Amino acid sequence: MRTWLLGLALASVGTAAMAADQAAPAVAPPAPAPVRPAEAARPGDLTMARVFGNPDLSGSQPRAVRLSPDGTLLTSLRNRDDEKERFDLWAVDTATGQARMLVDSKTVGSGAELTEAEKMQRERARIGGQKGIVAYDWAPDGKSILVPLDGDLYLAGLDGKVTRLTNTPGGELNPVVSPKGGFVSFVRDQNVFVQPLSGGTARAVTTGGGGTVHFGEAEFVAQEEMDRRTGYWWSPDEQYVAVERFDEAPVHTATRASIGATGTKVYEQRYPAAGTPNVLVDLYIMKADGSGQVKVDLGVNPDIYLARVDWTPDGRMLLVQRQSRDQKLLEMLRVDPATGKSTVLFTEKSGVKSWLNLSDAYHVLKDGSLIWRSERSGYGHLYRFASGKWTQLTKGDWVVTDLVGVDETKGRLFFLGNKDDVLEQQLYSVDVAKPNAITKLTEAGWWNSATMDAAASRFIISRSNPKQPTQVYLADATGKRISWINENAVVEGHPYYPYLSSHQETKFGTLKAKNGMTLYYEMITPPLEPGKKYPVFFEHYGGPGTGQQVTRGWQGGLPQYLVDRGWIYFKIDNRGSYNRGKAFEDQIYHAMGTVEVEDQLSGANYLKSLPFVEPSKIATYGWSYGGYMSLKMLEKTPGVYAAAVSGAPVTDWQLYDTHYTERYLGDPAKDPVSYATSAAVEEANKIVDPLLLIHGMADDNVFLDNSTKVAARMQATATPFEMMFYPGYTHRVSGPGISEHVWGTILNFLDRTVKDKPVAETAPAAAPAAAPAAAPASAK
């Protein structure tokens, strides 16, 4: 749940909907067949066809940018100008800047359909709509690259020669080159296989996979909610492989209908809904040929999460993060690979009304000490753990968001954080010997991300701001730019250049929540005419455990398209969201559907106070958790919003998965009240404002049952609403053609019910008497 907004936020989403098969019809007449909304008439205005067309309006967007082991090449996945969803492998000579395609996905690929297992993995990784090459792995000697494509594995040489390594109907999951380059390993038919990189036959190192038992894979909640994508880990010297084994037998089997355009497939999907059993997890350590297997001691309680697994640099110890089912305790286990015996190295504990967030911001040093991100101070900061003692390396009322690199020779750490501005992510450095003496390495006014080479000598930095689509450059260890990888300047020839004349500024400000906490918002307005009032497209997400919505980053063309059509675009980050510290985030603990609704209402009240806003024409839109929020906002604050769009909502949290839901609401058997009050089904009959309900008819994450439950409730109580369900689409409903249909549906609905409706006929503008007053905004 927590990462869906990144792929489905307004800037890039397509939404989905589906019709409930109920005896009682919806009271509202069916929506007119969606047609493309009237396109812009002014020169320089965007059109919907251009927003979703080719080439990408944001310009070239290379992915998976990496330096070769010797630093002579910089490789990336580049999408095509005529097919922006398809990626090929490219290389740039770091000395000359000359670029060339290494692997053409259309020429090399077989075009074979992916296995269901790989399709589901891609859904979990939020790349379900991408084609061609979606990942690759350099061999340690820098002479070849492992390329998965269309379900099989290929080895690409730097001379352009491509060798096919596998040719099987089963498909290969989680392929990697081993640390010293001796092998390529992968998962096939629920077992781990190892094959010599130089050529030869693949050999199964596990043989017990099949049925409900899987080796080398990450279970559903690990992929979906824990950001763990694999289930096996090589030791640095290739002596051992640690392999997860999980058994789905205890997990509830949900019968899920995948309703397509030409038929319906029924899947018996193992789905661990809140309060029900998870998979049974074991961890084994074995040699590269599968011999000498030992079982890791994960403790006497089988109901735990295998959160993270790492080897120490010398390969002598395995470090395992064991998380309790209630996510209030995290233990770092030190495991002897020869025996599997484990001891607790240290523990992290949450507050009483809180939980522990998992993180990848940690690094094992060669001397055996550990750099570790912890929220024990109330904010995410870096610490060093050495000889049983903790040293805090960063501190303050701000957040370290990621650990980018470690220069052990100089004792220097490089990290991302929001020390200087909540709305910006900057790159910083700090010396282990000089805690809190922090140096900023990137330029103010941008949202940055970064990766670093193993030697901690160079960065690959990506950055954007509201005026500039993502740029990528190579920098030295001081942050100084060496060369552009993708300058992506919006000049003549850039896809967005023809629309610069209508591009409107993004303005930022703050409001106060009901409890006095600061809320950040952003707003884009059309050129304001004196005396004219404008409708508002109010986007929201609202959920915990995920990235900010309000940042100084590029948002794509869709918000600007809405502004070109006469809407004011607005969004606000409510309490419960990430990167603001635990006190801000913990407001949502056992309280979903409360503080988020209050804070969105503060935003609505602020908008109603502005002289250029038509207070009776504020429409709201959300997807996934945002779709849930749309329902709760209409239920709890009737008359405030002129209309709402709810995309793929969770409506009953007992239908959603264990790791996400129990983190915030606990065990439904122990706290049924929190689940009852957070649900959006029973009070759906209180909705009096126009509602458009949307869902994909093959959603394997937020099951369609969530929307059909609300639809049935509203139909049974003669409560009007409209809906649009998309056959064959999952939680991500976008792509060529479909994105235009989705947004045509949304905007036709909002034009009819909000934008084009006479003011006297729109929903009342008054907010409930108990609504918190908005504090004056402070412009930034």
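Guide: Start with a network of salt bridges that links Glu83, Arg86, Lys106 and Lys131. A salt bridge here is a side-chain nitrogen of Lys or Arg within 4 Å of a carboxyl oxygen of Asp or Glu. Side chains of opposite charge can pair when their charged atoms come close. The search of the whole structure finds 39 salt bridges.

The model is predicted: local features need pLDDT of at least 70, side-chain atom pairs count only at pLDDT 80 or more, and totals for chains, interfaces and linings use all residues. Residues are numbered from 1 along each chain as its sequence is written, and side-chain values use heavy atoms, with hydrogens and water left out.

Next, helix α4, residues 116-124. Helices are DSSP runs (H or I, at least four residues) and strands are runs of E (at least two), numbered from the N terminus. Glutamate 118 and arginine 122 both sit in α4, four residues apart, about one turn of the helix. They form a salt bridge, with the closest N and O atoms 3.4 Å apart. Buried means under 20% relative accessible area, exposed over 50%, and partly exposed in between (1.4 Å probe, protein chains only). Glutamate 118 counts as buried because its relative accessible area is 11%. Arginine 122 has 10% relative accessibility, so arginine 122 is buried. The buried residues of α4 also include Gln121, Glu123 and Arg124. Arginine 126 follows α4 and has a positive phi, near 65°.

Now a pair that spans the chain. Glutamate 662 and arginine 325 meet through their side chains in a salt bridge, 2.7 Å from N to O. This pair links distant parts of the chain, 337 residues apart. Glutamate 662 lies in helix α10 (residues 658-665), and arginine 325 in the loop between β22 (318-324) and β23 (329-335). Glutamate 662 is buried because its relative accessible area is 7%. Arginine 325 is at 16%, so arginine 325 is buried.

One more pair: the side chains of aspartate 586 and lysine 582 meet in a salt bridge at 3.1 Å, N to O. Both aspartate 586 and lysine 582 are buried.

Glycine 581 lies in the loop between β40 (568-572) and α7 (582-585). Glycine 581 is buried because its relative accessibility is 7%. Contact means heavy atoms within 4.5 Å. Leaving aside neighbours within four places in sequence, glycine 581 is in contact with Gly378, Tyr379 and Val399.
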